[in-house]
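Open your viewer and load the model. This tour tells you what to select at each stop.

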Amino acid sequence: MGYEFIKNLKYLTSCFLDLIYNSGEECIACGEYANSKSLLCERCNSSIKLCNKSFEITIHGHSMSCYSSFYYSGLGKELIGRLKYKSDFRAGDALVEYMLYTIKFNDVKFDTVTYVPCSKATMKKRGYNQSQYLAKKIGHNTNTKVLTLLKKIKHTKDQIGLSGEERWENLQGAFLAINENEIKNKKILLVDDVITTGATAFYCSRLMMEKGAVSVCILTGAKSSI
Ligand SMILES: [Zn+2]
């Protein structure tokens with residue numbers, strides 16, 4: 001009985017080590033050997049066009065501090081697509097690595113993490129919310145609680161592929177603040193996969209500021225131009 005237990009334990013340990021070993025072995029983009037703690041090899045890592053800086057978006061007198069890790073092109077764009085449309089959570093983990101670096105690099109201050117919600121229809125179709133996935137990992141790695149503070153009450157078209165003006169119309173009245181007690185007096189980090197015109201960030205952050213948040217910073221994996 002005891003021997004069986006130890007044998008099973010050894011087997012489980014070896015499976016676990018295999019998992020860790022293999023996950024650090026191959027680059028998730030090109031399959032080449034990745035000699036680093038990163039999920040990408042050095043060549044793929046260096047192909048990503050880093051952004052990492054903060055930028056301010058002001059719309060209708062409402063200012064937002066935004067941070068993006070890289071520009072929406074090449075491999076960065078591919079990783080986002082893999083997480084969003086192909087349930088590839090290792091691509092999501094690679095995005096998280098970049099986003100954590102952006103937080104550290106810019107010393108972004110927050111006490112609560114939240115994410116841009118998706119509609120019930122999208123949730124049903126996709127089965128998960130890619131922004132929530134990123135937020136959960138970021139919260140876990142920064143020891144910060146991740147809360148659902150917004151709800152999407154209107155099914156909208158995907159922002160990708162819409163013109164600037166269409167993006168604003170598309171999202172009008174789409175979000176609702178929930179858990180208001182958790183918004184009040186909080187410094188909130190709002191996580192999303194991509195920022196383009198800032199329409200999503202605008203509607204979401206304005207809602208939370210109206211409900212008494214001290215600040216809302218926006219963090220996205222990528223920054224895109226239309
Ligand atoms: Zn690679």
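This is a predicted model: local features need pLDDT of at least 70, side-chain atom pairs count only at pLDDT 80 or more; totals for chains, interfaces and linings use all residues.

Buried means under 20% relative accessible area, exposed means over 50%, and partly exposed lies in between, with a 1.4 Å probe and protein chains only.

Residues are numbered from 1 along each chain as its sequence is written, and side-chain values use heavy atoms, with hydrogens and water left out.

**Stop 1: two loop residues**

Select Asn185. It sits in the loop between α8 (180-183) and β7 (187-195). Is Asn185 buried or exposed? Asn185 is exposed, with a relative accessible area of 57%.

Now select Asn143, in the loop between α6 and β4 (145-146). Asn143 is not a glycine, yet has a positive phi of about 60 degrees. Its relative accessible area is 77%, so Asn143 is exposed.

**Stop 2: the whole chain**

Zoom out. The protein chain has nine helices and eight strands. These are DSSP runs, numbered from the N terminus: helices are H or I with at least four residues, strands are E with at least two. Of the 226 residues, 45% are buried.

**Stop 3: α4 against α6**

Select residues 89-106 (helix α4) and 130-142 (helix α6). They pack at about 50 degrees, with axes 9 Å apart. Axes are lines fitted to C-alpha atoms, for helices over the stretch in contact, and angles run from 0 to 180 degrees between N-to-C directions. That angle makes α4 oblique to α6. Angles under 35 degrees count as roughly parallel, over 145 as roughly antiparallel, 65 to 115 as roughly perpendicular and the rest as oblique.

Show side chains at the contact (heavy atoms within 4.5 Å). From α4, pick residues including Phe89, Leu95, Met99 and Ile103; from α6, Tyr133, Leu134 and Ile138 are among them. The contact residues divide into nine nonpolar, three polar and two charged. Here Ala, Val, Leu, Ile, Met, Phe, Trp, Tyr, Cys and Pro count as nonpolar, Asp, Glu, Lys and Arg as charged, and the others, Gly among them, as polar.

**Stop 4: α3 against α4**

Leu79, Ile80, Arg82 and Leu83 in α3 meet Phe89, Ala91, Gly92, Ala94 and Leu95 in α4. This contact divides into seven nonpolar residues, one polar and one charged.
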